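The tour moves from one selection to the next and says what is found at each stop.

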Amino acid sequence: MKTNFIPIDYDYFDLNGRNFVRIIGRDESGKRICVVDEYNPNFWAILKDGLSEKKIKSLVEKIKKIEVESGGRKSKVEKVEIHDKNFLGKKVKALKIFVTNHKDMHAVADKLKIKEIEKRREYDIPLISKYIIEKNVDPLVWHEVIGDYIGSGEFGGIADVLKVDVCIKANKISKAKEQKEFNPRILAYDIEANELELGKGKVLMISLYGKNFSKVLTWKYDGKKQDFVEYFKDEAEMLEKFVEYVHEYSPDILVGYFSDGFDLPYLQSAAARNKIKLSLGLDQKPPTFTHGRISSGKISGIVHIDLFRFIKTVYAQYLQSETLGLGEVAAELCGEKKLEFDFAKIGKMNGSDWKKFFEYNLMDAKITYKLAEKIWPDMLEFTRIIKEPLFGISRDSMSSHVENYLLHNLNRFNEIAEKRPTHDEIRRRRSLGKYEGAFVLQPTPGLYENLVMFDFSSMYASVIVTYNLSLSTFLGEGKDEKGNKTLKFSKKKGFFPELLEEIIYLRRKYKEEYKKDKNPLTKARSNAYKLLANTAYGYQGFFGARYYCREAAMATSAFAKKNILEVIEKIKKEGYEIVYSDTDSIAFLRKNRSKEEVLNFLKKLNKSLPGIMELDLEDFYKRGLFVSKRTTEAGAKKKYALISENGKLKVRGFETVRRDWCNLARNLQKKVLEKILREGNEKSALKIVKEVIKKIKTRQVNKEDLIIKTQLKKPIEEYLSQGPHVIAAKKMEMRGLPISVGMLVEYFVGETNKKGGRIRDKVFLPDENVPYEIDYYLNNQILPAVENIFEVFNIKLKDIINGYSQKKLFT
DNA sequence: TCCCTACCGTGATG
DNA sequence: GTACATCACGGTAGGGA
């Protein structure tokens, strides 16, 4: 038989000691399909230079005899092939060694620590990745499969157990001629429990939301029944119905928010307590959880996605949200609002409280669904570009994404993959310490007019490409004419810079396409390449990378610095005044020159840049404000505010954009900056400050504007320094409130009977009925937020706050 | 108890 | 352990006067 299908989930199983890949997908009519494919596990043995053919032949014969046995399974070397390959850009002779079972490759590799073999590689690459690389069965891409139906009892009875429409043993899989659109069936879920801690409480309700599908399941009968809720006799019955509904809906993707850390393990433990099986998998098996710092919940045949994890690694840097909670993220990305619910009520709820609770729970499932739909294009594009299955794509770190992209493209260079670093190697790399990073120019404080900002596009990536900086092109240390130490890199293009050049090229191409045709897919594609390009530099400096090269990372930042300093000199020579520069951007004064002149100059500059380095116009700005540091006269770096010609504000580094300052200070600072930038002077801004000072002194400020939020970054007992937020967290713990690493701790500074003293002795939780301390908010929040801004205009705000220089107020 | 400084810790920039 | 270095700044810890 022959059919088109799209691979969604990958797994493998053993039969008679051999590995078979099991792909779950859909065919073009939407039927769920299982494709079983053969895979012959293999790894590489790179031979020592200059072995004679005779020697190699006898070595091959020796290797062919290797057998290992572990856990009742026997594996042997099935086949050995001799290949001409590249390793880190160098030509090598290598043996491709096929082993019966993937799990025994380590054991076989261990037996090859012999003098003729220089290195053993690729036994540490997961089977599914190797399979995709070798057989080109790429995830979320349409394929044509030719094969035979799997009958009852065949392949370990796979067709009897799996809840799929068709089961096929593949004979040949190739790319489909036509790439149709693919819309996965997404089902979102969310649970509520009476205790947050795993294993402690019970699951009170479960909500499900999908296309034309909306359910709330519960076993709580308090008050009158709601017509949108399904009631069950107990928790166990509810859990069983949940499993049934999941199978009925038949999702490709089951999605939750923080569900790796909460919902799925909670359901699993509730099922265990009730002595039932949470048989969510297409093979009727319960979810499994990978070990690791954060465990990942895997459901066989259905891709379980914890949206929070994908958003955290891939999306977070582009979000304005101060936390990555479902409410804030969904509000920003899809304009969906969470409902309100007072969790303090749990335990003493009446009928209408329950109704609210059910609605709240369902709304969470609904906005999770909407969010999943919204970011589906990004997950799809990431999957197609990196070629790893969706399950990993939605959870992997950025370094893994870069690395997987490399691994899936090495074949084009006939390259054997480098191994993962060992623990010892990681320790060594980490012990090397920091190397010199970017250049930041110290600005002179002041209010400037008519600024121009240039910036390099994907600067570090284009430096890597331009100067060919990578592990495989690193030649070692050398000396320049003056005898200074240098790092040498070969002229011959390495695969890393070459792939990166392609990424940059594709990024530019898809960015243009997006400009012409603004749709979520072209945007997601362009964005994925941008992220890869931006992370490539960090990857080479990352201690856990296969292609770690500290020298390449050092050289990248050094060449970047050299280039930007040269451009700064050229801009100065042209007669402009430089105001600021950080890493890849330069701000300078246009003075009386026209924009055309500036743009022509930019063109001229670009012609002088090496390789693929490219300088862009970031924008023209009407005004810009730079302030001094708090304690010295020197200009502060990474702290400025600009207003563009169409009136848009760009605020960087100021307290306005820092979430660990109270809203009163942040909002006031923002208003002050805006007034000054719009009006070109400080007059009306000063008025606003005075009003706020008065409000504080007369206790007219709402407490919510005084709350300070700080993240708890580690368990409280690990803190050496008892800062205010640690004290607040301790207070919460004493009261039995849930605290966890990563949460935002909220507190305010209140009045106590002692004057002065430590802040931490005056920390109160938001609900404590204590008046706020006027002096603290004046001197530690408002003053520091605006003092330096007014100093630019020679106004001493300290005197005004303390009421010394009343005369000055009215000048 | 006051004052100074080193260090801790968070969260920003690019 | 989960891309990099650079920077600002509040607040505590801890020693000396």
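In this predicted model, begin by selecting helix 11, residues 398–407, together with helix 15, residues 520–540, whose axes come within 9 Å of one another and cross at roughly 100°. Helix 11 is therefore roughly perpendicular to helix 15. Now show the side chains at the crossing: helix 11 brings Met-398, Ser-399, His-401, Val-402, Glu-403, Tyr-405 and Leu-406, and these meet Tyr-529, Leu-531, Leu-532, Thr-535 and Tyr-539 of helix 15. Coloured by residue class, this contact between helix 11 and helix 15 separates into 8 nonpolar residues, 3 polar ones and 1 charged.

Next, select helix 13 (residues 459–467) and helix 16 (residues 550–573), where the axes again come within 9 Å and the crossing is roughly 105°. This angle makes helix 13 roughly perpendicular to helix 16. On the side of helix 13 the contact consists of Met-459, Tyr-460, Val-463, Ile-464 and Tyr-467, while helix 16 supplies Thr-556, Ser-557, Phe-559, Ala-560, Asn-563 and Ile-564. By class, the residues where helix 13 touches helix 16 are 8 nonpolar and 3 polar, with no charged residue.

Turn now to the strands, starting with an open sheet of 5 strands, which are arranged in the order 5-6-7-4-8 and pair in the antiparallel sense. Strand 5 (67–70) and strand 8 (117–121) stand at the edges with a single partner strand each, so one side of each has no neighbour in the sheet. If direction is ignored, neighbouring strands of this sheet are turned against each other by 30° on average. Within the sheet, select strand 4 (residues 42–47) and strand 7 (residues 90–99), an antiparallel pair joined by 5 bridges; here Trp-44 stands opposite Lys-96 of strand 7.

For the next stop, select strand 1 (residues 2–15) with strand 9 (residues 143–149), which pair antiparallel over 4 bridges. In this pairing, Phe-5 has His-143 of strand 9 as its bridge partner. Strand 1 also runs antiparallel to strand 2 (residues 18–27), to which 10 bridges join it, and Pro-7 is there partnered by Gly-25 of strand 2. Strand 1 and strand 2 form a hairpin with 2 residues between them, and Asn-16 in the turn has a positive phi of about 50°.

Finally, select DNA strand B and the 19 residues around it, of which Asp-584, Lys-638, Tyr-640, Arg-659 and Tyr-719 come nearest. Among the atoms of DNA strand B that come within 4 Å of the protein, sugar and phosphate account for 86%. Coloured by class, the surface near DNA strand B shows 4 nonpolar, 6 polar and 9 charged residues.

Methods. Residues numbered from 1 in each chain as written. Chains lettered and ligands numbered in written order. Predicted model: local features only at pLDDT ≥ 70, side-chain atom pairs only at ≥ 80, totals over all residues. Heavy atoms only, no water. Axes fitted to C-alpha atoms, helices over the stretch in contact; angles between N-to-C directions. Parallel < 35°, antiparallel > 145°, perpendicular 65-115°, else oblique. Contact = heavy atoms within 4.5 Å. Nonpolar A, V, L, I, M, F, W, Y, C, P; charged D, E, K, R; others polar. Pairing = 2+ DSSP bridges. Near = heavy atom within 4 Å.
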